[in-house]
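Me: Got a model open here. Can you walk me through the packing?
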Amino acid sequence: VGAAKYHNLGKVAVKEFAKNDYDELDSFELTAVKKHPEIGYLILSSSVDFVEFAEATYYHHVFYDGTGYPGGISGKTIPFAARVITLVDLISHLMLNKVSNDEIITEIKIQSGKRYDPEICEAAVELLMVDAFNE
């Protein structure tokens, strides 16, 4: 829970760019925004109370296939909390944009094993299917 709460903490240093859609940023702004995981890591790792969230914060934009940033790892070597946060970021973004559960499930299935951990995807799809069933 803590890692999820603080994963975008580093955006405080790039807040003027962090509000924009990545597609709207120039190369300088995009480079700055892509530093937010590292900045968040540095902030969190400097405190004994928050150090446990630092690693997940650092890797929350690394995808399961090793793409993304800051990079250098892939698959199960990505901390579990970071793998969860990466998928939850997608789901929350789609929900905020009023995308249906069926469309979210389709996107998750397409990206399972590529951007997102297949086991976490399976669990998320099950939860979304139960949620859709209860509506």
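Me: Leaving aside neighbours within four places in sequence, what is I108 in contact with?
Reply: I108 touches L87, L90, I91, C121, A124, V125 and L128. Contact means heavy atoms within 4.5 Å. This is a predicted model: local features need pLDDT of at least 70, side-chain atom pairs count only at pLDDT 80 or more, and totals for chains, interfaces and linings use all residues. Residues are numbered from 1 along each chain as its sequence is written, and side-chain values use heavy atoms, with hydrogens and water left out.

Me: Which members of the largest nonpolar core touch the most others?
Reply: L87, L90, I91, I104, I108, Y116 and L128, out of 14 residues. Such a core is a set of buried Ala, Val, Leu, Ile, Met, Phe, Trp, Tyr and Cys residues joined through side-chain atoms within 4.5 Å. Buried means under 20% relative accessible area (1.4 Å probe, protein chains only).

Me: Which helix gives the most to this core?
Reply: α8, with 5 residues. Helices are DSSP runs (H or I, at least four residues), numbered from the N terminus.

Me: Switching to α6. Which of its residues are buried?
Reply: A82, R83, I85, T86, L87, L90, I91 and L94. Just after α6, K98 has a positive phi of about 60°.

Me: And α4 with α5, how do their axes cross?
Reply: At roughly 170°, coming within 8 Å. Axes are lines fitted to C-alpha atoms over the stretch in contact, with angles from 0 to 180 degrees between N-to-C directions. The two helices are therefore roughly antiparallel, a label for angles over 145 degrees.

Key: Buried < 20%, exposed > 50% of the residue type's maximum accessible area, 1.4 Å probe, protein only. Parallel < 35°, antiparallel > 145°, perpendicular 65-115°, else oblique.
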